[in-house]
Amino acid sequence: MRIRIVDAFTDRPFAGNPAGVLLLDDSFPDDDRLQNIALEVNHAETAFAHRLPGGGEADWALRWFTPATEVNMCGHATLATAHVLHSTGAHEGPVRFATRSGVLTATPGEDGSITLDFPTAPLTPVGLPDGVAEALGAEPVSAFDTGPNIGDLLLELPDEKAVHALRPDHKALAAYSARGVIATARAENPALGYDFVSRCFFPNVGIDEDPVTGSAHTALAPYWSERLGRTRLTGLQASPRSGRVRTELRGERTLLTGRAVTVIEGELLAW
């Protein structure tokens, strides 16, 4: 069984968000085995995919596991999987994935990028929960629930500097949402090539800080598109590894565009 580590939402190795990718011969094995492999890989997500019969609504079945649990949606591991399919010749052209979040499409671009078509997260304003400022380490100016697919609390901070300076109490943050917290702010200098900045903390799924989170951008895209008056934006996720996600809001769907690089390929001996 071939296993690959792919850095997603970056055009260079050792940046962006690493994901494990395994292309299976047929059906998924039992959940415990998938979870144990994801724990062994120990990246934010490991993706497992297998080909589906022709003529259906999707080409491949896809599931994502963190080291602690299966998740409903993962952008960077979907990008990584599409990159592996295209770079190995296992699939040509747009690929449709059957997932917990419905059918998700990944389309390769002529420039080497891949565009994901994901459902837009519904945003619901909520009051600032008691204690969240202390847990995050900054005072938010607004808070939004992002719906069941991603299950995060979206918090806007006063400025970009506040996002970069965060040193949150990850254990305390776990109390405020199903998955975690997205902290965001408007870019201080859009001339640098991005419109907004974010950081993502997901203690409830075993990830203190995620390097680059595609799924979070299905909430960030509608949030900042409304405030900035444009449907096409670029987000910088300001984790230590960092990465950029190009977004395009299309109503109930959000397009996420980025690149990926395979950095490790090997053989999984215990299966």
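Strand 7 and strand 8 (residues 114-119) run antiparallel and pair over four bridges in this predicted model. Five residues separate the two strands in a hairpin. In that turn, Gly112 has a positive phi of about 95°. Strand 7 also pairs with strand 6. Five bridges join strand 6 (residues 95-99) to strand 7 (residues 102-108), again in the antiparallel sense. Here the hairpin passes through two residues.

Thr105 is the bridge partner of Arg96 on one side. Thr105 also stands opposite Asp117 in strand 8.

Asp117 forms a salt bridge with Arg253, with the closest N and O atoms 2.7 Å apart. Asp117 lies in strand 8 and Arg253 in strand 17, so this pair ties together parts 136 residues apart in sequence. Asp117 has a relative accessible area of 24%, so it is partly exposed. Arg253 is partly exposed too, at 28%.

The model holds 15 salt bridges. One of them joins Glu265 to Arg2, the closest N and O atoms being 3.6 Å apart. This pair links distant parts of the chain: Glu265 sits in strand 18 (residues 260-267) and Arg2 in strand 1 (residues 2-8), 263 residues apart. Glu265 is partly exposed at 46% relative accessibility, and Arg2 is partly exposed at 36%.

Asp195 and Arg230 form another salt bridge, at 2.8 Å from N to O. Asp195 lies in the loop between strand 12 (180-186) and strand 13 (196-202), and Arg230 in the loop between helix 6 (217-228) and strand 15, so the pair connects parts 35 residues apart in sequence. Asp195 is buried, with 13% relative accessibility, whereas Arg230 is partly exposed at 38%. Elsewhere, salt bridges that share partners join Asp31, Arg63, Glu70 and Arg100 into one network.

Now for the largest pocket. About 260 Å³ of space lies in it. Its lining has 17 residues, and Phe9, Thr10, Asp11, Gly243 and Arg244 lie nearest the centre. Four lining residues are nonpolar, seven are polar and six are charged. Strand 15 (232-237), strand 16 (243-250) and strand 17 (253-258) each supply at least two residues of this lining. Strand 16 gives the most, with four.

Strand 15 also holds Arg232. Is Arg232 buried or exposed? Its relative accessibility is 56%, and the cut-off for exposed is over 50%, so Arg232 counts as exposed. Leaving aside residues up to four places away in sequence, Arg232 touches Thr247 and Glu248.

Terms used
Residues are numbered from 1 along each chain as its sequence is written. This is a predicted model: local features need pLDDT of at least 70, side-chain atom pairs count only at pLDDT 80 or more; totals for chains, interfaces and linings use all residues. Side-chain values use heavy atoms; hydrogens and water are left out. On a 1 Å grid over the protein atoms alone, a cavity is a set of points where a 1.4 Å probe fits but cannot get out, and a pocket is an open set with protein on both sides within 12 Å along at least five of seven lines; lining residues have an atom within 4 Å of a point. Grid points are joined across faces, edges and corners, and a volume is the space filled by probe spheres set on the points. Ala, Val, Leu, Ile, Met, Phe, Trp, Tyr, Cys and Pro count as nonpolar, Asp, Glu, Lys and Arg as charged, and the others, Gly among them, as polar. Buried means under 20% relative accessible area, exposed over 50%, partly exposed in between (1.4 Å probe, protein chains only). Contact means heavy atoms within 4.5 Å. Two strands pair if DSSP finds at least two bridges between them. A salt bridge is a side-chain nitrogen of Lys or Arg within 4 Å of a carboxyl oxygen of Asp or Glu.
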